[in-house]
Amino acid sequence: SSLANSCHDLIDPLERLIGKGDHAPKRKLTQFARWWDSLEEPERSGCVNGMLESAWFRFVSATVIVGHIIFVTYSCNWALEHFTEPPPLEHEIVDTSCLVFYAIEILLRLIVHKLYFFIND
């Protein structure tokens with residue numbers, strides 16, 4: 001696998017430091033890379049997973065992301081034109097609202113996927 005190959009690339013400089021005779025670190029790293037690469041998340045179910053995987057939630061999430069991109073572009077242009085003024089309260093409200101939405105989404109994904117959130121594609 002690609003992870004095992006990248007671990008092999010990492011091990012070569014390590015072998016130069018500790019000598020080629022000691023294969024224990026290389027073997028352990030290779031075993032860990034194979035174990036990590038073999039991990040598969042169990043099938044998820046439940047209310048929160050159903051919501052996260054629904055077409056409705058994906059649409060809302062994509063809409064928030066695209067809307068935030070458009071707003072950030074507008075906000076940056078506004079800041080360049082009014083660089084001596086503080087940003088309006090509306091800008092802070094929109095940015096904070098998007099941050100809260102993103103934080104809730106990640107929290108829900110962590111609840112559903114647990115540590116597999118950091119492993120899977």
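Here are some worked exercises on the protein chain shown above.

This is a predicted model, in which local features need pLDDT of at least 70 and side-chain atom pairs count only at pLDDT 80 or more, while totals for chains, interfaces and linings use all residues. Residues are numbered from 1 along each chain as its sequence is written, and side-chain values use heavy atoms, with hydrogens and water left out.

**Exercise 1. Find out how many helices and strands the protein chain has, and in what order they run.**

Step 1. Helices are DSSP runs of H or I with at least four residues, strands are runs of E with at least two, and both are numbered from the N terminus.

Step 2. Counting gives 5 helices and 0 strands.

Step 3. Reading from the N terminus, the order is α-α-α-α-α.

**Exercise 2. Compare the reach of α4 and of α5 with the span expected for each.**

Step 1. The expected span of a helix is 1.5 Å times one less than its number of residues.

Step 2. With 27 residues, α4 reaches 39 Å from first C-alpha to last, close to the expected 39 Å.

Step 3. With 25 residues, α5 reaches 36 Å, close to the expected 36 Å.

**Exercise 3. Work out which residues of α4 and α5 are buried, and what they pack against.**

Step 1. Buried means under 20% relative accessible area, exposed means over 50%, and partly exposed lies in between (1.4 Å probe, protein chains only).

Step 2. In α4, the buried residues are Phe57, Ser61, His68, Phe71, Ser75 and Trp78. They pack against α3 and α5.

Step 3. In α5, the buried set is His91, Cys98, Phe101, Glu105, Leu108, Arg109, Val112 and His113. These pack against α3 (47–53) and α4 (55–81).

Step 4. Here is a handy rule for looking at such lists: an α-helix has 3.6 residues a turn, so residues three or four places apart point the same way.

Step 5. Across the protein chain, buried residues make up 18% of the 121 residues.

**Exercise 4. Decide whether His91 is buried or exposed, and list its contacts.**

Step 1. Locate His91 in helix α5.

Step 2. Its relative accessible area is 6%, so His91 is buried.

Step 3. Contact means heavy atoms within 4.5 Å. Leaving aside neighbours within four places in sequence, His91 is in contact with Phe71, Tyr74, Ser75 and Trp78.

**Exercise 5. Name the residues of the largest nonpolar core, then follow Phe57 and Phe101.**

Step 1. A nonpolar core is a set of buried Ala, Val, Leu, Ile, Met, Phe, Trp, Tyr and Cys residues joined through side-chain atoms within 4.5 Å.

Step 2. The largest one has 5 residues: Leu52, Phe57, Phe101, Leu108 and Val112. Helix α5 gives the most to this core, with 3 residues.

Step 3. Phe57 sits in helix α4. Because its relative accessible area is 6%, Phe57 is buried.

Step 4. Not counting residues up to four places away in sequence, Phe57 touches Met51, Leu52, Phe101, Glu105 and Arg109. Phe57 and Glu105 are 48 residues apart in sequence, yet 9.8 Å apart in space, C-alpha to C-alpha.

Step 5. Leaving aside neighbours within four places in sequence, Phe101 is in contact with Phe57, Val60, Ser61 and Val64.
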